[in-house]
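Please read this briefing alongside the sequence and the model.

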Amino acid sequence: MRRAFIETLMTKSTLRAFRHRNFVIVELASWLTGAGVWFYRIGLTVMAWELTHSGWWLGVIALAEAAPGILISPIAGALADRHDRLVLARYVQFCIMMVTAVLAVLTLLGLVDIWLLMVFAILHGLAAGFWQPVRMAIAPNLVPREDLSAAIALHSTLFNLGRFLGPALAAPILAIWGPGAVFAVNAATYLIFLVALYVVKLVNPDRRATKGLSMATHLKEGLGYVARHPAIKYLFLNMLFASILLRAYMELLPGFSETVFGYDPKEGVAILVSAAGLGAIIASISIGNLTRMATLLQAYFISVCGSLFFLTLFVSTSNFWFAVGCAVFLSTSQVGVNVAGQVIVQGTVEGQLRGRVMSLWGLLNRSGPAVGALVLGGLSSYAGFQWPSLVAVAICGVVAAFVFARRDAIRHALTESEEADRST
């Protein structure tokens, strides 16, 4: 009976993606990096807050870290469609590791002020902005197509497990040794990932983009595909507003923790991020067991509604521990939107366009919250952190209603694509 249970677990659940050697190596190394990323992000925001105590500066640093992706991500996506994705991944990981290591050394030496911190945020953002579309394009190349949804969901689960445990581990290091130490730990995790990329190979490579065309032509082709697709265009529209307005609160957590909840940011931010990580794990596990497009779309819309509801509760309260509880459900909903949407897009997009389309998805996912943080953080100087966030929820609610009204057309397009895949 135990053997049958294990066999069912490894063939029917999200764990089925662990049957593939290359996926296992990349994801275990990625898990360490995922935890390390939260060391970096918490260290960055806490350091920016301690240097300035300004919500506007929190937004500036967040945008400085994410803005380079606006320019570099589409180019990285096009390169990922044209060249060897694994080789690109190795180069990019090395660059991220070096930038983070130098920042760690200078911080430990006490040489970093807010302006130099912004410079390193930009450099890190350039490398990370290049990395995300390459990583997203590689994911389907590590497993067979039938295990794609499990691979994406399991990646999200492991990443968010790091998001849950990373802040808990970062908090005592940050409190005792400061931001420089957490930056150093993050650099070490990048080194481990870099080594892992040298012992794997792509087992399910996509057909490369047409040779002989210019970079501008390839970029235009990817944008045109997103704009014309009867289902993907609506997912991107909702993602645009949700990433900018609904997810900006994560970049503003030091301000929320101190001015709204009355909690020391060095402790409060880590607790809130860990709570969000717990919710993200729940969402990833739940979405990973869904395979049919119609079911994924239903989960997507339910998650959108949950995001609107729980963000409203989160920004409306002044009770820290109630906000922690809201953060769990809010993150469950927001990650549900992201994972379900990503599985739908990855399962629908044509292989030779995958890098460019997913670079746009990653661009919104990464840069959107920073843009929103700059806007909402700037407004916090005049209206506090709560009211601007409530207005953001209202705007996203209108956009979500517009997309939901077209759910039948979206479902029909996805079902046609699913049936076409089964027939080939």
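Leaving aside residues up to four places away in sequence, Val357 touches Gly222, Tyr225, Val226, Phe236, Val345 and Val349, where contact means heavy atoms within 4.5 Å. This is a predicted model, in which local features need pLDDT of at least 70 and side-chain atom pairs count only at pLDDT 80 or more, while totals for chains, interfaces and linings use all residues. Residues are numbered from 1 along each chain as its sequence is written, and side-chain values use heavy atoms, with hydrogens and water left out.

**Overall make-up**
- The protein has 17 helices and zero strands, these being DSSP runs numbered from the N terminus (H or I, at least four residues, for helices; E, at least two, for strands).
- Of the 424 residues in the protein, 59% are buried, that is, under 20% relative accessible area with a 1.4 Å probe, protein chains only.

**Helix 2 and helix 8**
- Helix 2 (residues 21-52) packs against helix 8 (residues 179-196) at an angle of about 160 degrees, with axes 8 Å apart, the axes being lines fitted to C-alpha atoms over the stretch in contact and angles running from 0 to 180 degrees between N-to-C directions.
- Helix 2 is therefore roughly antiparallel to helix 8, a term for angles over 145 degrees.

Notes
Angles under 35 degrees count as roughly parallel, over 145 as roughly antiparallel, 65 to 115 as roughly perpendicular and the rest as oblique. Buried means under 20% relative accessible area, exposed over 50%, partly exposed in between (1.4 Å probe, protein chains only).
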